[in-house]
Amino acid sequence: MKFFIDTADVAAIKELDETGLVDGVTTNPSLIFKSGRDFKEVVKEICGFIDGPVSAEVASMEYEQMMKEAEVLRKLADNVCVKLPLTFDGLRACRALTNDGTKTNVTLCFSANQALLAAKAGATFVSPFIGRLDDINIDGMELIEDIRTIYDNYGFDTEILAASIRSANHVKDCALAGADVATIPPGVAKGLVKHVLTDQGLAGFERDWAATGQKII
Ligand code: E4P
């Protein structure tokens, strides 16, 4: 499973990228707002050091304007992936951009039928939002499983990009369910390394190493 980082915080992406963990980045209007940065400037900066897809979302709800915005966004860098809403206009824009060779990420997917439409529109990625479904007492992981089954039934190439991830268990369950990608907030990504037995083991090694009185260098 590929790891994308769900943020527009350049420092956080760089820190994780140093571990080789980062296969791509996703942004959205809320994350851009949180960053306090200029949208195009920050997307360009991220694309400058991340080789994988960097999702940048259109702001318009209407097809013609979406296409104009997509034109601006895709020119920012070769690895920009144009993010479009899961609406009729968004699907229409997805088909046109796909036909044109532009990478697309159809976002705000909350049902298997919506994911089926995104695949039929030729989306590179579909983004089902797990956490937001869990928030309203609907099992977000079940959606990932359903989409996996449907895409496999028909051999769709669209990649399942599990989004709205809130916990380490979400990441594990996405991998078990066969998501192609998980887009993970930096805090959750860093937390994946944590285990109480790793910490305890290290404390023991540190104590015993000090007792040997030796040094490696
Ligand atoms: C996906 O691309 C979105 O940016 C993101 O995962 C939304 O997550 P949230 O529900 O935590 O806002």
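The chain exposes about 11,500 Å², of which carbon and sulfur atoms supply 54%; accessible areas come from the Shrake-Rupley method with a 1.4 Å probe, and for residues only the protein chains shown count as cover. The model is predicted: local features need pLDDT of at least 70 and side-chain atom pairs count only at pLDDT 80 or more, while totals for chains, interfaces and linings use all residues. Residues are numbered from 1 along each chain as its sequence is written, and side-chain values use heavy atoms, with hydrogens and water left out.

Along its principal axes, the C-alpha trace spans about 70 × 35 × 30 Å. The chain holds 11 helices and eight strands, taken as DSSP runs numbered from the N terminus (helices H or I, at least four residues; strands E, at least two). Of its 217 residues, 46% count as buried (buried is under 20% relative accessible area, exposed over 50%, partly exposed in between; 1.4 Å probe, protein chains only). Among contacts (heavy atoms within 4.5 Å) between residues at least 6 apart in sequence, 56% join residues at least 24 apart.

**Ligand site**

| Side chain | Distance to a ligand oxygen atom |
|---|---|
| Asn28 | 2.7 Å |
| Lys83 | 2.6 Å |
| Arg166 | 3.2 Å |

Taken alone, the ligand exposes 340 Å², and the protein buries 85% of that.

**Two contrasting residues**

Thr104 belongs to strand E5, residues 104-109. With a relative accessible area of 0%, Thr104 is buried. Leaving aside residues up to four places away in sequence, Thr104 touches Cys81, Val82, Leu84, Cys94, Leu97, Thr98, Gly122, Ala123, Thr124 and Phe125.

Gln200 lies in helix H11, which covers residues 196-212. Its relative accessible area is 51%, so Gln200 counts as exposed. Thr124, one of the residues touched by Thr104, is 76 residues from Gln200 along the chain, and the C-alpha atoms of Thr124 and Gln200 are separated by 43 Å.

Notes. A polar contact is a pair of N or O atoms within 3.5 Å; within protein, one must be able to donate a hydrogen and the other to accept it, and residues adjacent in sequence count only if both atoms are side-chain atoms.
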